[in-house]
Amino acid sequence: MSVEERLNDVLSRMRDAEDAANRPAGSVSLVAVSKTFDAYAIRPVIAAGQRIFGENRVQEAQGKWPELKAETADIELHLIGPLQSNKAADAVALFDVIETIDREKIARAVAAEITRQEKPVRLYVQVNTGLEPQKAGITPDDTGSFVTLCRETIGIPVEGLMCIPPADENPGPHFALLAKLAERCGLHKLSMGMSGDFDVAVQFGATSVRVGSAIFGTR
C-alpha cells in the first residue's frame with residue numbers, strides 16, 4: 001500500500017470506530033506521528049490532505065517542520081514526547097500543541113515562553129496511567145491538583161489529558177481512567193490511542209488519536 005492508501009485506511013477505520021461507538025463522524029481527529037521520518041516522507045501525507053502531525057523531539061522537529069510549515073500554512077504540529085525546560089522556548093516557537101506537560105517546572109517554563117513570545121499554544125497534561133517508572137507523566141492521583149495548579153496558579157490554558165498505556169496491558173482500562181480524570185477536571189480533550197489500539201480509544205472517548213506506523217510504515 002502507498003502512504004496515501006495507508007492514510008485513507010486509518011481514516012476509514014476511525015470513522016468505523018466512531019460509528020460503532022455512536023459518535024458523530026469527524027469527532028475524532030488524527031495526529032499523524034512523523035517522528036524519525038524526514039520531509040521527503042512527510043510531504044506525500046500532507047499532499048493527501050493530512051494537516052495534523054506529531055513529533056517526539058523538539059530538536060528533530062526543528063530540522064524539518066519550519067520548511068514544511070512554510071510550504072503549507074494550515075499545518076498543526078503537536079509535541080507528543082517529553083519536554084525539557086531548556087527546550088521550552090523552542091517548543092513554544094515551533095509547536096501549536098504541547099501534549100506532555102507533567103511537572104511544575106515545565107508548566108512554568110512554557111507559561112513564561114507563551115507570554116514572552118505572545119504565542120497561544122494549546123496544552124495537555126500527560127498522565128502516567130500505568131505508573132511506569134520509565135515513562136513521563138503525572139500520576140492519576142495527582143492529576144486533579146496539578147491541573148488546578150496549571151490553570152489557577154501558573155495560568156496556562158490546559159485543555160486536555162494525554163496518556164500512553166503500558167504496552168503489555170489491555171489499553172481499555174487506561175483509556176477509561178483518563179476519560180474519568182478529564183471529566184473530574186472539567187477537560188474535554190483526550191489524546192489517547194496509537195496504531196495498535198486507536199479504535200479502542202475512540203470507544204472510550206478519545207478526541208484525537210496518535211498514529212504513526214500505520215501511516216508511515218515501520219521505522
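Asn 22 is found in the loop between helix H1 (3-20) and strand E1 (29-33). In this predicted model, the phi of Asn 22 is near 55 degrees, a positive value in a residue other than glycine.

- Most residues other than glycine have a negative phi.
- Asn 22 counts as exposed, because its relative accessibility of 72% is over the 50% cut-off.
- Thr 36 also lies in a loop, the one between E1 and helix H2 (39-47).
- Although Thr 36 is not a glycine, its phi is positive, at about 75 degrees.
- Thr 36 is exposed, with a relative accessible area of 54%.
- A positive phi of about 80 degrees is taken by Gly 155, which comes just after H7.

**Nonpolar core**

- In soluble globular proteins, nonpolar side chains tend to be buried together.
- The largest nonpolar core has 65 residues, and those that touch the most other members are Phe 53, Trp 65, Ile 98, Val 110, Leu 161, Val 209 and Ile 215.
- Ile 98 belongs to strand E4 (residues 97-101) and is buried, its relative accessible area being 0%.
- Beyond four places in sequence, the contacts of Ile 98 are Leu 79, Leu 83, Ala 91, Val 92, Val 110, Val 121, Arg 122, Leu 123 and Tyr 124.
- Pro 82 is 16 residues from Ile 98 along the chain, and their C-alpha atoms are separated by 9.5 Å.
- Phe 53, with neighbours within four places in sequence left aside, is in contact with residues including Val 31, Ile 42, Val 45, Ile 46, Trp 65, Ile 75, Leu 77 and Phe 216.
- The contacts of Phe 53 also include Ser 34, Glu 76 and His 78.

**Helices H7 and H8**

- Two packed helices are described by the angle between their axes and the distance between the axes.
- Helix H7 (residues 140-154) packs with helix H8 (residues 171-185) at an angle of about 35 degrees, and the axes are 10 Å apart.
- The crossing of H7 and H8 is right-handed.
- On the H7 side, Pro 140, Thr 143, Gly 144, Val 147 and Arg 151 meet Leu 177, Leu 181 and Cys 185 of H8.
- This contact of H7 with H8 comprises 5 nonpolar, 2 polar and 1 charged residues.
- From first C-alpha to last, the 15 residues of H7 reach 20 Å, close to the 21 Å expected at 1.5 Å a residue.
- H8, with 15 residues, reaches 21 Å between its first and last C-alpha, close to the expected 21 Å.
- Buried positions in H7 are Pro 140, Thr 143, Phe 146, Val 147, Cys 150 and Ile 154.
- The cover over the buried residues of H7 includes E4, helix H6 (104-117), E5, E6 and H8.
- In H8, the buried residues are Pro 171, Gly 172, His 174, Phe 175, Leu 178, Ala 179, Leu 181, Ala 182 and Cys 185.
- These buried residues of H8 pack against strand E5 (122-127), H7, strand E6 (158-163), strand E7 (189-191) and helix H9 (198-203).

- Gly 172 is found in helix H8 and counts as buried because its relative accessibility of 5% is under the 20% cut-off.
- Not counting residues up to four places away in sequence, Gly 172 touches Val 200 and Phe 204.
- Gly 172 and Asp 197 are 25 residues apart along the chain, with their C-alpha atoms separated by 8.9 Å.
- Thr 207 is located in the loop between H9 and strand E8 (208-211) and counts as buried at 17% relative accessibility.
- Leaving aside neighbours within four places in sequence, Thr 207 is in contact with Arg 23, Ser 27, Val 28, Ser 29, His 188, Lys 189 and Leu 190.
- Thr 207 and Val 58 are 149 residues apart in sequence and 24 Å apart in space, C-alpha to C-alpha.
- Arg 122 lies in strand E5 and counts as partly exposed, at 31% relative accessibility.
- With neighbours within four places in sequence left aside, Arg 122 is in contact with Glu 76, Asp 96, Val 97, Ile 98 and Glu 159.
- Between Arg 122 and Glu 99, 23 residues apart in sequence, the C-alpha to C-alpha separation is 8.2 Å.

Definitions and conventions. Residues numbered from 1 in each chain as written. Predicted model: local features only at pLDDT ≥ 70, side-chain atom pairs only at ≥ 80, totals over all residues. Heavy atoms only, no water. Helix = DSSP H or I, 4+ residues; strand = E, 2+ residues; numbered from the N terminus. Buried < 20%, exposed > 50% of the residue type's maximum accessible area, 1.4 Å probe, protein only. Contact = heavy atoms within 4.5 Å. Axes fitted to C-alpha atoms, helices over the stretch in contact; angles between N-to-C directions. Left-handed = near helix turned anticlockwise from the far one by under 90°. Nonpolar A, V, L, I, M, F, W, Y, C, P; charged D, E, K, R; others polar. Core = buried A, V, L, I, M, F, W, Y, C linked by side-chain atoms within 4.5 Å. Expected span 1.5 Å × (residues − 1).
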